[in-house]
Amino acid sequence: MPRYDIISIFPDYFAALDISLVGKARAAGLVDIAVHDLRDHAEGVHKSVDDTPYGGGAGMVMSPEPWGRGIDQLSQSSQLHDLVVLTPAGKKFNQKMAQELSECEHLIFACGRYEGIDHRVTQFYMAQSNFRVHEVSIGDYVLNGGEVATLVMLEAIIRLIPGVLGNPDSLVEESHTLIVDGESIVEYPSYTKPASWRDLSVPEVLLSGNHGAIKAYREAEAVKRTKSRE
Ligand code: 6GU
């Protein structure tokens, strides 16, 4: 079973991982998730985890020592470890990355706060042969830390693990799964009963029973929707 370790100064954020599909996947023994408090690896009476930036500037930078101790403690096994460092400067998370990470046996999520983690943490683990390091961002906006980004990534990753979704057919044609010319396609709009609601009716073709016409209509709607997002 894949193992996901999270290191954060706000472990309480991850209570959400007990709920819904991810909570069920954990209870069913399909994934093993553990949350760790970075402060357990801090020293001194104040258990400080940050300091002022070399070179000056606003804000604080997370010190490398607690991160090094925390990550070392989670990587004692002989296996390959994938370290995910959450930062707005990272590679943009997408469905393809979710698919790739869902095939990894051990992910460690390092949730930075403030102006980020001392860059030598990334450098150090990149140089270790038993580590792959991924600096990841979930989009072009600034969050206060990597906690919510980790929740986003875990939800996208865990639903791709075999056995997690009740109906794996849902994965076949869903949004961002189909890639055309390097662009991911979003899904066509969906409708259910009643056939008429507040003077709005369901497109006639969907009630026709003509499977060829339905498929063509849905493909055209998916292309329209994908274009309108640009
Ligand atoms: Cl991963 N971290 C922070 N702090 N902000 C972000 C982000 C991550 N992704 C987008 N914005």
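Predicted model: local features only at pLDDT ≥ 70, side-chain atom pairs only at ≥ 80, totals over all residues.

Trainee: Okay, helix 1 to start. Which of its residues are buried?

Mentor: Helix 1 runs over residues 20–27, and its buried residues are Val 22, Gly 23 and Ala 25. They sit on the same side of the helix, because they cover an arc of only 160 degrees around the axis.

Trainee: And which exposed residues are on the face turned away from that buried side?

Mentor: That face carries Ser 20, Lys 24 and Ala 27.

Trainee: What covers the buried residues of helix 1?

Mentor: The cover includes strand 2 (32–37) and helix 5 (147–158). While you're there, look just past the end of helix 1: Gly 29 has a positive phi of about 75 degrees.

Trainee: You brought up helix 5. How many of its residues are buried?

Mentor: Nine of the 12, so helix 5 is largely enclosed by the rest of the structure. Among the buried ones are Glu 147, Leu 151, Met 153 and Ile 158.

Trainee: How far does helix 5 reach from its first C-alpha to its last?

Mentor: It reaches 16 Å, close to the 16 Å expected at 1.5 Å a residue.

Trainee: What about Glu 155, buried or exposed?

Mentor: Exposed, with a relative accessible area of 53%. Val 22 is one of the buried residues of helix 1.

Trainee: Let's switch to the ligand. Which residues are around it?

Mentor: The list includes Leu 86, Thr 87 and Pro 88, then Val 136, Ser 137, Ile 138 and Gly 139. Tyr 141, Leu 143, Gly 145 and Ala 149 are also around the ligand. Ala 149 turns up among the buried residues of helix 5 too.

Trainee: Which backbone atoms lie by a nitrogen of the ligand?

Mentor: A backbone N or O atom of Tyr 141 is 2.6 Å from a ligand nitrogen atom, and a backbone N or O atom of Ile 138 is 3.0 Å from a ligand nitrogen atom. On the side-chain end, a polar atom of Ser 137 lies 3.4 Å from a nitrogen atom of the ligand.

Trainee: How much of the ligand does the protein cover?

Mentor: It covers 96% of the 290 Å² of accessible area that the ligand has on its own. Strand 5 and strand 7 (131–137) are the elements that give two or more residues to the shell. Strand 5 gives the most, with three.

Trainee: What does its side chain make a polar contact with?

Mentor: With the side chain of His 134, at 2.7 Å. Leaving aside neighbours within four places in sequence, the contacts of Asp 82 also include Cys 104, His 106, Leu 107, Ile 108 and Arg 132.

Trainee: Last one: where is Pro 162 found?

Mentor: In the loop between helix 5 and strand 8 (179–180). Pro 162 counts as exposed, at 69% relative accessibility.

Notes:
Residues numbered from 1 in each chain as written. Heavy atoms only, no water. Buried < 20%, exposed > 50% of the residue type's maximum accessible area, 1.4 Å probe, protein only. Helix = DSSP H or I, 4+ residues; strand = E, 2+ residues; numbered from the N terminus. Arc of directions from axis to C-beta. Contact = heavy atoms within 4.5 Å. Polar contact = N/O pair within 3.5 Å; in protein donor to acceptor, adjacent residues only side chain to side chain. Expected span 1.5 Å × (residues − 1). Near = heavy atom within 4 Å. Areas by Shrake-Rupley, 256 points an atom, 1.4 Å probe, with all protein chains shown as cover.
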